[in-house]
Amino acid sequence: MHELYLIQSLLNIVEEHSVTHGFKRVNIMKLSFGRMNHIEPKALEFAFKAQSVGTKADGANLEFTILPVIIYCFQCNKEYEVDRFEFIPCPVCGTNEVEVVGGTEDLKLLELDVD
Ligand SMILES: [Zn+2]
């Protein structure tokens, strides 16, 4: 259900853009989201295929950029890319004084390739 909602929001954006920019159809939709967002590209594609029928985005390919989980360690004063959800403790110094600074980004439409 999560995916259905996300796709509907995307399709609404596409429709708005098609009115503003006057394109006929969408070839590629470039999307990004943080790794911690529980979004499955395959589930999104499945929902997209079903929901885009009859819209300007019908038949478009989805391209995903999945943003890594990044933590900031207050002891090291540095940022590290870490494996999903395993951000405590710091992989280098072992402290728990870390903060997640990347990987929680919402699904975002980066770019539309249109005709
Ligand atoms: Zn550290």
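A residue is buried if 20 or more other C-beta atoms lie within 10 Å of its own, exposed if 12 or fewer, and partly exposed in between, with C-beta atoms placed from the backbone. I wrote that down before anything else.

**Entry 1: ground rules.** I am looking at a predicted model, where local features need pLDDT of at least 70, side-chain atom pairs count only at pLDDT 80 or more, and totals for chains, interfaces and linings use all residues. Residues are numbered from 1 along each chain as its sequence is written. My helices (H or I, at least four residues) and strands (E, at least two) are DSSP runs, numbered from the N terminus.

Entry 2: I looked up Asn77 and found it in the loop between β3 and β4. Is Asn77 buried or exposed? With 7 C-beta neighbours inside 10 Å, Asn77 counts as exposed. Its phi is near 60°, which is positive although Asn77 is not a glycine. I then checked His38, in the loop between β1 and α2. His38 also has a positive phi, of about 60°, without being a glycine. His38 is exposed, with 9 other C-beta atoms within 10 Å. Gly22, which follows α1, has a positive phi near 65°. Where is the cis peptide bond of Pro89? It runs from Ile88 to Pro89, with omega near -5°. Pro89 itself is in the loop between β4 and β5. I noted the background too: most residues other than glycine have a negative phi, and most peptide bonds are trans.

**Entry 3: helix α1.** I counted along α1 and got 20 residues. From first C-alpha to last, α1 reaches 29 Å, close to the 28 Å expected at 1.5 Å a residue (the expected span being 1.5 Å times one less than the number of residues). Which residues of α1 are buried? They are Glu3, Leu6, Ile7, Leu10 and Val14. Seen down the axis, the buried residues of α1 fall within an arc of 95°, so they line one face of the helix (the arc is that of the directions from the helix axis to the C-beta atoms). On the other side of α1, I found Tyr5, Gln8, Asn12, Glu16, Val19 and Thr20 exposed. The cover over the buried residues of α1 includes β1, α2 and β6; I call two residues in contact if their C-beta atoms, placed from the backbone, lie within 7 Å.

**Entry 4: Glu15.** I also stopped at Glu15 in helix α1. Glu15 is partly exposed, with 13 other C-beta atoms within 10 Å. Leaving out residues up to four places away in sequence, Glu15 touches Thr55 and Lys56. The C-alpha atoms of Glu15 and Lys56 are separated by 7.1 Å, though the two residues are 41 residues apart along the chain.

**Entry 5: the cores.** A nonpolar core is a set of buried Ala, Val, Leu, Ile, Met, Phe, Trp, Tyr and Cys residues joined through C-beta atoms within 7 Å. How many residues does the largest one have? I got 13, and those with the most contacts inside this core are Ile7, Val26, Met29, Leu44 and Ala57. At least two residues of this core come from each of α1 (2–21), β1 (26–34) and α2 (41–51). Apart from it lies another core of seven residues, including Val69, Ile71, Cys73 and Val82.

**Entry 6: the sheets.** I count two strands as paired if DSSP finds at least two bridges between them. Strands β1 and β6 run antiparallel and are joined by six bridges. Met29 has Leu112 in β6 as its bridge partner.

Another open sheet of three strands has the order β4-β3-β5, and its pairing is antiparallel. Here β4 (78–82) and β5 (98–102) are the edge strands, each with a single partner, so one side of each has no neighbour in the sheet. Five bridges pair β3 (residues 69–73) with β4 in the antiparallel sense. Cys73 stands opposite Lys78 in β4.
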